[in-house]
Amino acid sequence: MSEQTTTRTPSTGEPALLLRGVDVSYSTQLTRVPVLSGVDLAVSRGEFVVLAGPSGSGKSTLLRVLALVARPTSGSVQVFGRDVTRAGNPELRRLRSRQVTLVYQNPGDNLFDYLSVAENLRARAQLAGRDDPGPALLERMGLGGTGTWPTQALSGGQQQRLALACAVGAGTDVVLADEPTSQLDQRSAELVVETLTQLHELGVTLVVASHDPRLLGLGPRVVRIRDGRLHPGVEKEGTA
Amino acid sequence: MKLPWKRAPLVAWRQPSSLLVALFAGLVLAFVASAAVLHVSSVRTGAVDHNVSRFCPHLRGPAVELVPARFDGSVAAASMAAESAAEHGFDGVVTGLYTGVLMLEFGESAGRAKLAYRDGLTEQVTVSRGGGTDGLWIPESLAELTGADLGDRPRHPGLGELPPVTAVYQDLERTGDGYWCSEEKLVVPGPMDSEWQSAAPVFVPDRDVLASFQPPPAVVDELEVQWEDTSHATFTTTLRFPVDAPTTPEEAAALHDRSRAVVDDLSAELAPEAFVSRGVYLDRSLQLADESSRTVTLAVLPLTVVSLLVGLAGMAAVAVQWLQRRTGEARLLWTHGVSPLAIGTRALLELGVPVLVGSAAGLGLATLARGLYAPSLVLRDGVLVDAGLAVGVLAAASLGVLVATVAVRAHQLFQAVPRERSRAVSRLRLVPWELATGALAVWSGLRLAEGALTVESGEVLPRVDPVALAFPLLVVVTIAGLTARGLGWTLVRSHRLSSWRRPAFQFGVRRLAASGGTAVGVTALALLAVGVLAVGGGVVGAQRDAFDAKSGVLVGAESAVDVGNTTVNAGQAVPASIADRSTLVGRSTTSIADPPREVTVLVVEPDTFHRGGWLGDRRVASAVDEAMSALREAEAARGSGDTAVPAVRVSGAPRGEQLRAGSGLVLSTVGEVAGFPGVTSPTYVVARDTVPSGFRVNTWTVLSGLPAAEVIDGIQAAGGWTIQSVERTTALDGLPFLTMQWTFGFITVLGTVLAVLAITSLLLAIEVRRRQNALSGALSLRMGVRLRTLVSSYLVELGTIGGLAALVGAAVGWGAAQLAASQLDPAPRLVPAPAAPVPVLFLSVLLVATLAVVGAATWLAVRAVRTARVGELIRE
């Protein structure tokens with residue numbers, strides 16, 4: 001793997017992601033609906049955190065706040081020690097292009113369907129202002145020989161793998177994945193789990209929302225969320 | 001350039017429907033813009049064409065007439081004119097020489113005539129007998145009066161014996177657009193002229209023979225005390241410059257400049273007193289063309305701007321549709337740090353080329369199709385460049401709208417912080433903006449009632465109030481808005497409707513309510529389109545009918561041919577060959593004593609008037625029936641000692657039972673009508689057989705439904721002779737009516753464009769919701785709803801939109817046109833006032849089109865249901 005892809009934001013001791021007292025609520029015609037209430041969460045650099053909770057618990061919303069694609073109604077959000085709660089859209093975009101990547105549940109939503117595998121990698125690197133990582137990254141991520149393939153020719157697992165490879169190629173420090181294995185068959189899901197492990201070994205900070213027991217068992221830290229609140233006593237839990 | 005942007009133009013081909021929609025949107029916008037430019041430009045050409053076509057062919061260039069002068073002076077002037085003509089690019093000059101009216105003696109008889117010469121005259125008269133060019137050519141009327149024939153030599157006190165008669169020719173009639181047109185006053189006796197003002201010419205084919213008529217100067221001096229006796233010694237000279245009719249305003253302007261140069265040359269050579277008249281008729285034509293163009297531009301500009309704005313809104317809809325289809329990619333780009341504006345440029349790269357291609361196609365279509373809407377097919381220099389520039393600006397605006405809409409929508413979708421709408425804004429949404437257009441419509445209507453067209457005395461084109469002209473369109477826009485608002489309000493509350501005994505109706509209404517925004521938008525657009533079409537068609541029809549009716553009233557028939565007393569007395573005025581479509585009327589101007597004023601007495605034959613008189617307008621025909629019935633009844637009730645002649649008064653003639661007119665005529669009014677064919681001033685219509693024998697009719701006229709030429713041929717074949725004639729189609733200047741037709745004709749084009757947009761929007765809306773409709777329809781069928789019910793529900797849904805738009809649009813449009821048409825009267829002194837005709841054809845086409853569109857849309861929707869694969873749709 002090239003030096004470029006391993007270059008990460010230098011460590012200064014602060015957590016990669018820090019939420020304090022975060023509330024998120026949405027307005028309807030009749031009332032205001034709380035989704036997250038009083039969330040305090042710190043994710044250290046290089047940490048692998050799994051967010052677990054039933055459907056409607058607020059996992060995806062929490063992930064979206066961490067991925068800087070949603071703003072909290074109140075509270076604060078820090079990325080590598082920098083308070084981005086009131087940051088303007090340009091700054092948030094810059095962070096999302098270079099430091100924080102969100103991987104969607106549906107594999108197809110993470111790729112440009114009119115570009116080949118290698119072109120997707122190159123496009124993501126271009127958006128981050130980086131050079132094309134080349135076929136070496138594809139080899140490393142277990143996608144060797146697929147460079148010229150259309151993305152539709154990949155399996156679901158391979159597509160998610162490619163999405164994660166794109167994040168690596170963009171030099172992302174933090175990857176957030178929303179149910180990355182939920183739409184995949186067993187073999188594909190195992191591929192994704194394997195890839196996430198690879199990313200963790202590379203030092204990428206990972207936050208994954210999932211029901212998948214393989215992921216629950218994999219992450220050294222599981223954070224449980226129910227009804228928009230983090231489950232008390234969850235912070236130091238090591239195993240499911 | 002980053003890959004997603006670089007690949008964008010190729011990606012576009014993966015969704016041909018998006019390409020087509022973008023291309024179509026560009027085409028429509030460009031068509032409207034370029035059609036407006038081409039139309040307004042061609043109004044000038046059309047106006048010049050119209051005016052020049054009414055000119056005599058020899059009066060398109062300089063028009064010069066010199067005061068009576070000696071022969072050598074006239075010849076010298078002609079020579080100067082020829083030189084100037086050559087210098088300024090004219091092919092030559094046609095010189096005419098005319099003496100005053102002379103009394104020529106043929107033995108015991110005598111008759112009045114002019115001696116005349118004109119270049120090329122021998123090719124331009126119809127010779128009845130003889131044909132030698134070394135003598136005199138006399139008219140039939142003179143030959144009949146005096147008994148002169150070939151070989152006879154007339155005499156004149158001042159000239160002595162003249163050369164022999166070598167030909168007899170048919171009297172020249174009102175000359176239409178021919179060789180003699182410019183000389184009409186000099187060669188066709190006016191029926192109202194006195195004996196010494198005009199007479200038929202005796203032609204002298206050889207100009208040099210005229211030279212011999214000129215007595216020595218001393219004799220002229222002695223004879224100057226009596227103008228009748230000098231008239232043989234001097235010649236009125238006409239100098240005409242034949243030239244092809246200009247086909248464009250630029251050619252007309254160039255011709256005008258050359259003509260002005262010739263007139264200036266002659267003015268420099270000759271003293272001002274030498275001229276009877278000198279000028280360039282094109283002056284006025286160019287002025288009228290400019291006025292016409294200005295009027296049409298002001299009138300069509302507001303709706304053109306509205307149409308362009310609707311088109312740009314359509315472009316915004318294309319952008320929204322693109323974002324809907326590409327939400328996944330847009331979201332991915334945004335997630336990876338791409339700004340909404342950059343996402344907008346992504347859309348531009350994908351759809352920009354189709355928009356530009358469509359724009360070029362729109363310009364091409366507007367150019368090729370101008371025969372359908374433009375007053376003239378001739379393109380002036382540079383107009384395509386102008387149209388291209390307009391299209392270019394609009395294309396740039398379209399692309400700007402595309403980018404901006406995608407950027408704003410992407411911002412709203414992905415990154416805007418939801419804010420509660422302020423109460424003030426919420427309240428503002430409740431205020432109907434239609435109040436504004438309604439207020440404008442009221443203001444415009446008040447100005448219309450005061451007079452949208454102001455006809456100044458002596459002016460050809462009326463002054464137009466553009467605010468008043470906008471009245472019918474403002475009414476349509478207001479009603480479209482109110483109808484859409486009412487529909488929206490109804491749909492919001494339609495959830496209370498429970499009509500499950502009629503499931504088709506219930507489904508249809510619920511689906512309408514579910515897509516309320518689209519339904520309201522399409523209904524408003526369709527209603528606007530139908531209303532604009534009805535307004536345009538109504539006013540154009542009203543103007544066309546008004547021109548026909550007013551010219552019919554002015555002339556009295558399709559053609560009117562004046563005949564002499566001799567012809568009438570000999571029973572030759574209405575021979576059998578034309579009798580079934582002709583009638584005879586007599587006209588006299590007389591004075592009545594109490595109240596004292598000048599009136600016209602129109603003598604008609606009640607039993608035959610309907611054969612020839614103009615009855616082309618329902619109101620005029622009704623007036624004629626009423627008048628004839630009144631005269632017949634009065635005649636039947638008249639006692640044998642009763643001397644008062646029953647008369648129907650027209651056009652403000654005084655009422656009375658013993659009105660004493662001239663020549664012993666006593667009139668008794670027995671009825672009144674607002675108008676009558678051939679009547680344009682206070683007139684009494686009387687029956688011929690009630691008029692006392694001593695009453696002198698000044699002019700007899702044959703009114704006919706046949707062309708003038710056919711009537712003249714018939715009368716001459718029966719041995720009679722005619723004086724002058726006029727055709728209905730050329731009697732009244734049509735330019736003011738044409739200006740209104742060109743204005744509202746273009747509005748009809750815009751209405752057609754709006755209709756195409758409305759139909760496309762409807763079909764597009766169905767296509768965009770295809771998946772939802774397919775899923776819900778397929779599930780309904782599986783749950784037991786019959787296909788027939790489903791089809792009926794779509795007919796209810798789409799029929800509501802189509803039916804509402806068609807019914808309300810047609811009713812409002814035609815009503816507004818009817819209100820406006822009566823005020824848009826370019827010739828208010830002539831009856832009848834314009835009225836929008838009943839739009840039978842329009843309503844038929846509208847019905848068929850509405851049924852076709854609703855049918856096609858229903859078919860599309862049901863087809864999606866029938867071909868749906870429910871499993872895949874659910875999985876998606």
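**Entry 1: helix 20 of chain B**

I began with helix 20 of chain B, residues 516–555, whose 40 residues reach 58 Å from the first C-alpha to the last, close to the 58 Å expected at 1.5 Å a residue. I note at the outset that this is a predicted model. I then looked up burial along helix 20 of chain B and found that helix to be mostly covered, with 34 of its 40 residues buried.

**Entry 2: domains of chain B**

I consulted the domain assignment of chain B. Domain 1 is given as 1–55 + 283–415 and domain 2 as 58–282. Domain 3 is given as 445–554 + 750–876, and domain 4 as 565–720. I looked up one separation, that of domain 2 of chain B and domain 3 of chain B, and their C-alpha centres lie 64 Å apart.

**Entry 3: strand 8 of chain A**

I turned to chain A and asked how many residues of strand 8 are buried. Five of the five residues, 205–209, are buried, so strand 8 of chain A is largely enclosed by the rest of the structure. I went through the two faces separately. On one side Thr205(A), Val207(A) and Ala209(A) are buried, and on the other Leu206(A) and Val208(A) are buried, which leaves both faces of the strand covered.

I next looked up the pairing partners. Strand 3 of chain A, residues 48–52, runs parallel to strand 8 of chain A and is joined to it by four bridges. Strand 7 of chain A, residues 174–178, also pairs with strand 8 of chain A in the parallel sense, over five bridges. I used Val208(A) as a reference point in strand 8: Val50(A) stands opposite Val208(A), and Ala177(A) also stands opposite Val208(A).

**Entry 4: contact between chains A and B**

Finally I examined the contact, which takes 20 residues from chain A and 18 residues from chain B. Which elements of chain A give two or more residues to the side that touches chain B? They are helix 3 (89–98) and helix 4 (117–127) of chain A. Helix 4 of chain A supplies the largest share of that side, six residues. I recorded the classes as well: the side of chain A that touches chain B has seven nonpolar, five polar and eight charged residues.

Technical notes: Residues numbered from 1 in each chain as written. Chains lettered and ligands numbered in written order. Predicted model: local features only at pLDDT ≥ 70, side-chain atom pairs only at ≥ 80, totals over all residues. Contact = placed C-beta atoms within 7 Å. Nonpolar A, V, L, I, M, F, W, Y, C, P; charged D, E, K, R; others polar. Expected span 1.5 Å × (residues − 1). Buried ≥ 20, exposed ≤ 12 C-beta atoms within 10 Å, placed from the backbone. Domains from an automatic or database assignment. Pairing = 2+ DSSP bridges.
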